[in-house]
Each structure stands twice: as structure tokens, then as C-alpha cells.
Amino acid sequence: MDSVESSDQRRATVSQREQWMVQDQVFQIYDIFANIPHKTRTLMLELQRDNHIEYLTRGLKQLSSSFVVLDANRPWLCYWILHSIALLGESIDYELENNVIDFLKHCQDPNGGYGGGPGQMPHLATTYAAVNSLITLGGRRALSSINRGKLYAFLRGMKDPSGAFRMHDAGEIDVRACYTAISVASILNILDDELIKGVGNYILSCQTYEGGIAGEPGSEAHGGYTFCGLAAMILINEANRLDLAGLLDWVVFRQGVECGFQGRTNKLVDGCYSFWQGGVFALLKGLHSVDGEHVALSDAEEGDSATDGTSEGEDGNSLETDETCHIKQGVGDGEMAPLFHSVALQQYIILCSQEQEGGFRDKPGKARDYYHTCYCLSGLSVCQYSQSKDEHSPPLPRAVLGPYSNLLEPVHPLYNVVLKQYQEAHEFFSSQSTS
């Protein structure tokens with residue numbers, strides 16, 4: 001038997017060896033968690049809020065010289081940090097807020113859109129990041145700093161004859177460009193038929209045989225592009241054109257044995273897909289049905305109070321108490337097949353992605369960073385709330401792994417901004433002319 005196992009190991013691919021290594025690291029953490037005293041287990045499940053805030057605020061004020069490689073992503077750094085702070089229910093001081101607004105003003109191109117830094121060419125990705133940053137800050141000064149007229153002209157300039165969008169002047173065309181353009185236009189109340197025209201056709205051409213959505217036609221289905229494609233199609237009211245059943249099937253199988261999500265088939269688990277893949281379920285929930293089948297959550301999840309997921313032993317170790325995402329199989333049979341294990345995902349985020357000193361990481365063995373901090377927290381928020389069937393009703397807390405203090409602010413899943421910030425921006429921009 002040993003010789004057979006050794007032979008299998010010798011024939012293993014690099015991908016298989018990497019998968020086994022990650023599984024071993026994750027399972028070691030879970031084994032430790034399962035065999036430690038109750039009080040220690042409770043501490044392991046606690047969201048280290050103060051350490052996260054310190055890590056994030058320090059990064060917003062000053063970064064080390066190693067961050068020079070992200071010089072063209074400075075609005076993204078603002079968004080990742082500000083959104084993470086907002087999810088934790090905190091805000092930054094007045095002086096720092098004004099500094100961020102002034103900095104983003106310098107990133108705004110005279111002809112519309114935002115570049116990666118002052119003097120850099122406008123780009124759809126950094127435009128999305130800058131707009132979301134300003135919406136997250138909130139207030140008249142931040143929101144009125146966005147030149148909507150010029151930004152609309154920039155979006156029209158990025159529109160390709162195919163109907164899709166380019167990321168920047170003479171840049172690449174992909175689903176990410178479509179989403180960032182449509183998201184920005186929608187949240188700023190400047191979305192019109194000219195911007196929408198042809199977008200649905202392009203995104204539809206990017207849905208693959210697997211069911212997920214690729215960045216461009218002929219490429220591989222990818223978690224980030226699947227979220228972007230589905231969100232954009234919802235914003236332009238064309239989601240029903242997608243093979244939603246196939247998309248759902250693909251996303252379901254991206255949650256692996258580690259409890260987190262992978263971004264593509266046969267790839268490693270990664271904390272950032274807690275939102276990119278986990279958020280898809282929130283979007284689908286909002287659609288109410290997939291191919292005629294009702295998308296729902298378990299009966300327990302529809303309650304009006306949060307739980308720490310610890311009804312058996314009160315230690316946060318019983319994942320069988322989870323309120324998971326389900327789809328009803330047929331009409332009248334009453335059976336619900338599990339799709340999305342939300343508490344299991346929270347377990348991966350808190351135990352495997354959280355750095356006790358602050359920040360979140362991709363997976364065990366990786367270093368913390370602001371990107372993964374943003375999307376791990378965003379995914380955690382999606383796990384913790386039930387999206388209401390009524391878009392005007394607030395989402396209800398559903399299943400919170402660990403202490404109730406782990407509960408984050410709810411996000412608007414289409415834009416990934418904290419819900420109350422979205423509502424303020426929606427009211428502000430709805431009162432303004434679209435011209």
C-alpha cells in the first residue's frame with residue numbers, strides 16, 4: 001500500500017501538491033481549534049476589530065516604500081481601506097477625511113474619470129474605486145466633488161462599438177470594464193440607454209460552458225468576472241438572458257473542503273473570493289428565482305435575530321447549525337438542497353484568513369494586505385445577513401459565527417459599499433439632474 005501511495009505522489013501534478021499543502025495547513029488550524037479549551041476557542045473566533053482598525057488607519061496615513069509598485073492603484077488603496085473601516089462600523093477623523101477627498105480630486109482627470117494617481121490617465125477600474133471611496137466617506141463635500149458630467153463623457157468615450165467598454169483609452173475590453181462602467185453610472189444616476197446598449201450581448205458571449213463568466217469571450221470562467229458579469233446584467237435588467245442555472249451550478253462547486261472559495265476550477269482557495277463568489281449568492285437571492293426554481297435560504301435564516309452558530313456547545317464549532325443558502329428542488333416537494341455554507345465560510349475567514357495583529361490574508365502562509373482585508377470583510381458581511389426580498393427593507397442578521405460583536409455593517413451587494421452609505425448617495429444623486 002505504501003508503494004502505491006508513493007507512486008501516486010510521484011505522479012502528482014504541481015497543482016495537486018499545492019492543493020494538498022494548503023489543505024494540510026487549513027486542516028491543522030481546524031484540528032487545533034477543535035481540540036482547545038472552550039475559552040481559547042472563543043478567542044480564536046473573535047474578530048480583532050481594534051487591531052484591524054489600527055492596521056487600516058495606519059495604511060491610509062502612510063505606506064512604506066514597498067508600495068511604490070501600486071502607484072497606479074492609489075484610489076484602490078483608498079477604497080480597500082475605507083470600505084474595510086466602514087464595514088467595521090468605524091469612520092476616520094475629519095482631517096484624514098478631507099485629505100482623502102483632496103487627494104482623489106487630484107486623481108480626477110479634467111476630462112472626466114479618475115486615474116491611478118495625480119496626473120495619471122483616467123481608467124475605469126480606478127474610477128470605480130475613487131467613486132466608491134467618496135461614497136463611503138459620504139457627506140456633501142465628498143459626493144459633490146465628483147464631476148458627473150465629465151465622468152459621463154469619459155464613460156461614453158470608453159464605450160466600444162461592440163457595446164462593451166474599454167478600461168482606458170486604447171485599453172483592453174473585458175467584463176470588468178463593463179461592470180465598473182455600469183456600476184459607476186448606476187450609483188451616480190447617469191446610466192442611460194446609450195451606456196447600456198450592447199453590454200448584455202457582450203457579457204452573454206463571455207459565459208462559458210462551465211456556467212461561470214470569463215473576462216472575455218473564449219477565456220476561462222473566473223469568480224471575479226462572474227460577479228462582475230452578473231452584477232452588471234442585474235443593473236441593466238438583463239440577468240434573465242444568462243444561463244442562471246448553469247452559473248449557479250458553477251459557483252456552488254467553487255466552495256471547497258477548506259470551507260472557503262476558489263476563483264476557478266482546480267485552483268486554490270483564496271480569501272478574496274469570499275466576496276467575489278459568496279456575493280453571487282446574495283445577487284441571485286435578489287433575483288428570487290433561477291430557471292423557474294425559487295432561490296431561498298433555510299427557514300431558520302428568515303428569522304429576525306443573529307446567532308453565533310453555536311447552539312450545540314456554545315463554542316462556535318458546530319457547523320451543522322448553519323443557515324445555508326438553498327434552492328428548492330421542484331414545486332411542492334418541500335425539499336431544500338444546500339448551496340452555500342455561510343457559517344463554514346465565516347470559519348475559513350476568521351480562522352484561516354484573519355491575522356490576529358490586524359488585516360486579512362489570502363490563505364495560511366500568505367501575508368496580510370489591504371485587498372484581501374477588504375474582500376474578506378465584504379464576504380463576511382454577505383455571510384452574516386439575509387438579503388431582504390423587498391429592496392427597500394434592510395437586510396436582517398442571520399448567522400454570526402463567534403461573538404455577536406463580530407457582526408459587521410451590511411453591504412449593498414451590487415456595488416460593494418456599505419448599505420447606509422449607498423442610501424445616502426442614492427438620495428443625493430437622485431435629487432440631481434442627470435444632464
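What follows is a chat about aromatic rings, a helix pair, one methionine and some backbone angles.

Mentor: Ground rules: this is a predicted model, where local features need pLDDT of at least 70, side-chain atom pairs count only at pLDDT 80 or more, and totals for chains, interfaces and linings use all residues. Residues are numbered from 1 along each chain as its sequence is written, and side-chain values use heavy atoms, with hydrogens and water left out.

Trainee: Let's start with rings. How many aromatic pairs are there by this rule?
Mentor: In general, an aromatic ring pair is described by the distance of the centres and the angle of the planes. Here, rings of Phe, Tyr and Trp (its six-membered ring) pair if their centres lie within 6.5 Å; planes under 30 degrees apart are stacked, over 60 edge-to-face, and the rest tilted. The count comes to 20 aromatic pairs. Take Tyr179 and Phe227: their pair is edge-to-face, at 5.7 Å centre to centre with 75 degrees between the planes.

Trainee: Which parts does that pair tie together?
Mentor: Tyr179 is in helix H10 (residues 175-187) and Phe227 in helix H13 (residues 223-235), so the pair links parts 48 residues apart in sequence. Helices here are DSSP runs (H or I, at least four residues), strands are E runs of at least two, and both are numbered from the N terminus. Tyr179 and Phe227 are both buried, where buried means under 20% relative accessible area, exposed over 50% and partly exposed in between (1.4 Å probe, protein chains only).

Trainee: What about Phe261 and Phe340?
Mentor: Their ring centres are 5.9 Å apart and the planes sit at 40 degrees, so this pair is tilted. Phe261 is in the loop between helix H14 (244-252) and helix H15 (273-276), while Phe340 belongs to strand E4 (residues 336-340), so parts 79 residues apart in sequence are tied together. Phe261 is buried at 1% relative accessible area, and Phe340 is buried too, at 2%.

Trainee: Now helix packing. At what angle do H4 and H5 pack?
Mentor: Axes are lines fitted to C-alpha atoms, for helices over the stretch in contact, and angles run from 0 to 180 degrees between N-to-C directions. Helix H4 (residues 49-61) and helix H5 (residues 74-87) pack at about 145 degrees, with axes 10 Å apart. On the H4 side, the contact (heavy atoms within 4.5 Å) is made by Ile53, Leu56, Thr57, Gly59 and Leu60, and on the H5 side by Cys78, Ile81, Leu82, Ser84 and Ile85.

Trainee: And Met158: buried or exposed?
Mentor: Met158 is buried, with 8% relative accessible area. You'll find Met158 in helix H9 (residues 148-158). Beyond neighbours within four places in sequence, Met158 has contacts that include Leu124, Phe165 and His168.

Trainee: Last one, backbone angles. What is phi of Asn189?
Mentor: Most residues other than glycine have a negative phi. Asn189 has a positive one, near 65 degrees. Asn189 sits in the loop between H10 and helix H11 (193-196) and is partly exposed, at 29% relative accessibility. Asn237 has a positive phi too, near 60 degrees. Asn237 lies in the loop between H13 and H14 and, at 68% relative accessibility, counts as exposed.
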